[in-house]
Amino acid sequence: MVIAQSNSGRAVYWGTGRRKSAVARVRLVPGEGKLIVNGKDGELYFQFNANYLGVIRNPLETLGLENEYDILVKAEGGGLTGQADSIRLGVARALCQLDPDNRPPLKIEGYLTRDPRAKERKKYGLHKARKAPQYSKR
């Protein structure tokens with residue numbers, strides 16, 4: 001199922017990924033395997049840790065499509081780890097739109113599971129979510 005077409009007539013597949021407070025809107029476009037995050041090259045954006053690039057490309061490598069699609073991303077919020085994991089989820093969801101037969105191998109690897117962990121809210125009477133003031137008996 002083609003969700004949209006770019007100006008050049010190429011198919012574009014969309015996927016949204018989230019983790020903690022990071023949100024990534026991912027587009028898969030037929031190409032040669034480039035990664036562009038917020039208008040920057042992927043290697044430049046994730047320059048501090050190359051593991052992030054591997055995390056992002058894992059769903060494509062699982063299906064053997066690593067050099068067939070360009071990944072265009074608009075990532076917001078969170079840190080680099082949260083953004084990388086949200087991009088991975090967005091890529092996996094876009095690959096499911098590309099072909100429904102892609103879903104079982106991605107599901108087995110755990111790429112379609114959203115990580116539900118988030119920061120716990122601060123409660124009144126406490127310093128942080130769970131940190132209480134120092135207790136003194138006298």
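Arg117 and Asp115 form a salt bridge, with their closest N and O atoms 2.8 Å apart; the term means a side-chain nitrogen of Lys or Arg within 4 Å of a carboxyl oxygen of Asp or Glu. This is a predicted model, so local features need pLDDT of at least 70 and side-chain atom pairs count only at pLDDT 80 or more, while totals for chains, interfaces and linings use all residues. Residues are numbered from 1 along each chain as its sequence is written, and side-chain values use heavy atoms, with hydrogens and water left out.

Back to the charges. Arg117 counts as exposed, at 55% relative accessibility; buried means under 20% relative accessible area, exposed over 50%, and partly exposed in between (1.4 Å probe, protein chains only). Asp115 also meets the side chain of Arg19 in a salt bridge (3.1 Å, N to O). Arg19 sits in strand 2 and Asp115 in the segment after helix 4, so this pair ties together parts that are 96 residues apart in sequence. Helices (H or I, at least four residues) and strands (E, at least two) are DSSP runs, numbered from the N terminus. With 11% relative accessibility, Arg19 counts as buried.

Asp85 belongs to helix 3 (residues 80-98) and, at 19% relative accessibility, counts as buried. Leaving out residues up to four places away in sequence, Asp85 touches Arg19 and Val55, where contact means heavy atoms within 4.5 Å. The whole structure holds 8 salt bridges.

Another of these joins the side chains of Arg25 and Glu76 (4.0 Å, N to O). Arg25 is in strand 3 and Glu76 in strand 6, so the pair ties together parts 51 residues apart in sequence. Arg25 is partly exposed, at 39% relative accessible area, and Glu76 is partly exposed too, at 38%.

Next come the strands. Strand 3 and strand 6 pair in the antiparallel sense over 8 bridges; two strands pair if DSSP finds at least two bridges between them. Within this pairing, Arg25 stands opposite Lys74 in strand 6. Strand 2 (residues 11-19) and strand 3 (residues 22-30) also run antiparallel, joined by 7 bridges, and Arg18 has Val23 as its bridge partner in strand 3. The hairpin of strand 2 and strand 3 has 2 residues between the strands, and Lys20 takes a positive phi near 50 degrees there. Strand 4 and strand 6, by contrast, run parallel and are joined by 3 bridges, with Leu72 in strand 6 as the partner of Ile36.

What about the inside? The largest nonpolar core has 29 residues, and Val37, Phe46, Ile71, Val73, Ile87 and Leu95 have the most contacts inside it. Such a core is a set of buried Ala, Val, Leu, Ile, Met, Phe, Trp, Tyr and Cys residues joined through side-chain atoms within 4.5 Å. Helix 3 gives the largest share of this core, 8 residues. Not counting residues up to four places away in sequence, Val37 touches Tyr45, Phe46, Val73, Ala75 and Ile87.

Helix 2 has its own buried residues: Tyr52, Leu53, Ile56, Arg57, Pro59 and Leu60. These pack against strand 4 (35-37), helix 1 (42-45), strand 6 (69-76), helix 3 and helix 4 (103-109). After helix 2 comes Gly64, with a positive phi near 75 degrees.
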